[in-house]
Amino acid sequence: MSRWRWVLGLMIGALALYGAVRGLDLPTLWATLRAGNYGWMLPALLALILSVAARTARWRILLNAPPGVSFLRLWNILNAGYLVTHVLPFRMGELARVLLLARFPQTPAGLVAMSIVVEHALDLAVVLALTGVALALQPGARGLGLLSHAGPMLTLGALGGLLLGAFRPQWAWWLTERLTRPLPRPLQGRLRREAEAALRGLEVLRTPRALAAASGWSLVAWLATAAHLYAVMGVFLETPDGWVALLTMSALTFGMLVPSTPGYIGVVQGITVWVMGEFGIPQATAFSISVASHGLMYGVLSTLGALGLWLETGQVGLGFLRRAEGERVDR
């Protein structure tokens with residue numbers, strides 16, 4: 001990975017973190033952390049596990065339930081992707097998921113990559129819908145109005161392109177043929193096979209039952225994510241607000257589309273402090289919530305990811321990112 005990407009990611013994270021801590025009173029922060037009711041962390045943990053389980057179930061649907069690829073395997077690979085995202089910048093966990101699952105012939109790289117694209121489009125659609133409900137019921141957050149303008153354009157653009165590929169695959173194939181025509185024949189054949197597999201990954205969008213199931217699991221996943229944040233708010237607030245948790249989660253979702261530091265360190269804190277500040281939550285409290293929520297998520301998902309990576313590859317290192325691309329396993 002080129003050095004300038006690391007520098008850019010660190011700059012973005014550092015700027016966001018500076019915005020979160022600027023003017024923060026350290027004695028107040030320490031007192032807030034000491035006074036927390038950490039019994040709330042147990043339901044926060046359970047909500048986090050539920051969100052990952054829902055995402056795993058959804059991923060299996062988006063992959064067209066490939067034979068021989070169990071829920072446990074997808075669980076392991078999904079968490080391994082989270083681990084990579086936590087230690088490398090620019091959403092490298094998505095590449096890790098593709099490489100780890102594309103080792104198997106029933107899940108070629110094109111299919112896996114397209115399932116992740118559809119996954120993110122469904123995420124945007126569900127989060128946007130939840131944001132609309134929350135903004136309608138909490139109109140006081142003026143600064144969050146940006147989500148009601150940028151969010152629909154981004155979501156409709158993503159879904160529009162995917163639906164076009166799903167219902168007019170011949171157009172996508174025509175474009176693929178012309179783009180690959182100047183390439184050497186071996187590379188041309190490989191890219192066309194992956195493009196064909198990617199088009200298979202769009203089948204869920206024209207299968208009402210599968211699309212409804214995937215959308216339902218998306219809703220469960222994001223409600224569980226909001227419940228996780230709500231529970232962490234309960235650590236530091238006597239009366240946590242579910243709508244504030246939902247709006248903070250929505251802002252974090254759209255904010256994390258911008259590549260930044262590994263694990264979005266700094267970005268999470270900056271967005272959380274900004275959104276919660278819109279609702280009058282003190283800076284020290286909002287920062288404490290962001291640190292506790294992000295720390296729990298970072299620690300649990302990294303641990304699950306290390307375990308999943310070991311079960312899938314026999315090691316915890318990230319060397320597979322360099323060599324797994326050409327590796328195929330027939331199981």
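Author: Happy to! Buried residues (under 20% relative accessible area, with exposed over 50% and partly exposed in between, using a 1.4 Å probe and protein chains only) make up 48% of the 331 residues in the chain. Please keep in mind that this is a predicted model, where local features need pLDDT of at least 70, side-chain atom pairs count only at pLDDT 80 or more, and totals for chains, interfaces and linings use all residues. Residues are numbered from 1 along each chain as its sequence is written, and side-chain values use heavy atoms, leaving out hydrogens and water.

Now to your patch. On the surface, L307, W310, L311 and V316 form a nonpolar patch with about 390 Å² of accessible area together. Accessible areas come from the Shrake-Rupley method with a 1.4 Å probe, and for residues only the protein chains shown count as cover. Patch members have over 30% relative accessible area and no salt bridge, with nonpolar side chains (Val, Leu, Ile, Met, Phe, Trp, Tyr) joined within 5 Å and like charges within 9 Å. A salt bridge here is a side-chain nitrogen of Lys or Arg within 4 Å of a carboxyl oxygen of Asp or Glu.

L307 sits in helix α13 (residues 283–313), and L307 counts as partly exposed because its relative accessibility is 45%. Helices are DSSP runs of H or I with at least four residues, strands are E runs of at least two, and both are numbered from the N terminus. The chain has 14 helices and zero strands. For a contrast in cover, take helix α4 (residues 71–87): 13 of its 17 residues are buried.

Technical notes. The expected span of a helix is 1.5 Å times one less than its number of residues.
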